Amino acid sequence: MSDAETTTTTEPVQDPDHNMLVGTAEEREREKKYGLQEIPPEEVPLLPGELSHHPSPFQYVVIAMILVVITALEVAVSYLEGDIPNGLIIFLLLGMGLVKFVLVASYYMHLKTDKPVFRRFFIMAAVGAIFLYLIVLTTLGVWDGGS
Amino acid sequence: MEQAAIAPPAGGAHASTPVHAGHGDHETSTGVTNTKLAMWIFLSSECLLFGALIATYLLYRGRSKGIEPADVYNIPFTSATSFILLMSSLTMVLALAAIQRADYRRTKIWLVATALFGMTFVGGQVYEFTEFVRQGVRVDTNLFGSSFYLLTGLHGLHVTVGIVWLLSLWGLTTQGRLQQKDSETIEISGLYWHFVDVVWIVIFTVVYLIPR
């Protein structure tokens, strides 16, 4: 293959439809053939430490939408202060925060599809931190208003 | 040869074979790469750091003289910046999905989008801090001010570090130095970015939304 041919296939292509960050001819060919959404996760090579395939881009978007809805619900619940007991508000907010936390850690940080060693480290640290600081705050009388 | 740098399309017989991590990573007795394990251990230690700062905030909340959180918080504004940070997590995983599919054009777009979302979040935090100072809440005003600025400021610093990291990855991708085989590099930066996001999920709920 001559140098001229090589240059032709790897130089960025000016695409009239895309004015920014156009790719190489190979990328555009592949995009034309598959499109990002159409390459199923099963055909993507596994990364080191992965047990199964990541979610598809569409599934990522669905998870983001769920996170947005939960965030909106959280904000709405926070405005109910005075209308419903504070204890219920705190329970609902912590519950929704936990769901968001688990969704991001499981699907975006891939704890669900990676080897369990990562999950064990993270859960041990997160749960350990919660218990440790709950003990500290209880000892310091935060919940009963003492000093 | 330049063409050799282009990764082959994903799929076929290689689909379920783990790709080699870049930068000379080698087989380990744990079956996972050292860099990824190190990142998870680092993030685990960060849980304790942010846990300590959140506990400090809860300890001092309601015990300060003068201005209290409820006097200065702008929940609609902070909700908007929280939404932006959530969206940055989406663009981050889309960047990873793109490089795993050897789609470098979209990788660059999503990396830049993530960095821009991060910059918007930090910009919002700077605006919020400016407003608080204007209303009389400074680091040395009371215990609320000290613990609030320390907690959210450290989080903002983490976001800033993440932005620099993302922009450097964008630069590497633009130069063709980050290829499909280096997907783990993007994944590790993504782990950091998503961790910053989950920490904000906790801060937003505990610091801003939960009533006194």
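1. Helices here are DSSP runs of H or I at least four residues in length, and strands are E runs of at least two. On that basis chain A of this predicted model has five helices and zero strands. Its order from the N terminus is α-α-α-α-α.

2. Burial and contacts in chain A. The chain has 147 residues, and 24% of them count as buried. Take the contacts between residues at least 6 apart in sequence: 34% of these join residues at least 24 apart.

3. Helix α4 of chain B covers residues 104-134, which is 31 residues. From first C-alpha to last it reaches 45 Å, close to the 45 Å expected at 1.5 Å a residue. B:Gly136 follows α4(B) and has a positive phi, near 100°.

4. The largest nonpolar core holds 67 residues. The members that touch the most others are B:Ile54, B:Val93, B:Leu94, B:Ala95, B:Leu111, B:Val199 and B:Ile203. α6(B) gives the most, with 16 residues.

5. B:Ile54 deserves a separate look. Setting aside neighbours within four places in sequence, B:Ile54 is in contact with B:Leu151, B:Val202, B:Ile203 and B:Val206. Of these partners, B:Ile203 is also among the core residues that touch the most other members.

Technical notes: Residues numbered from 1 in each chain as written. Chains lettered and ligands numbered in written order. Predicted model: local features only at pLDDT ≥ 70, side-chain atom pairs only at ≥ 80, totals over all residues. Buried ≥ 20, exposed ≤ 12 C-beta atoms within 10 Å, placed from the backbone. Contact = placed C-beta atoms within 7 Å. Expected span 1.5 Å × (residues − 1). Core = buried A, V, L, I, M, F, W, Y, C linked by C-beta atoms within 7 Å.
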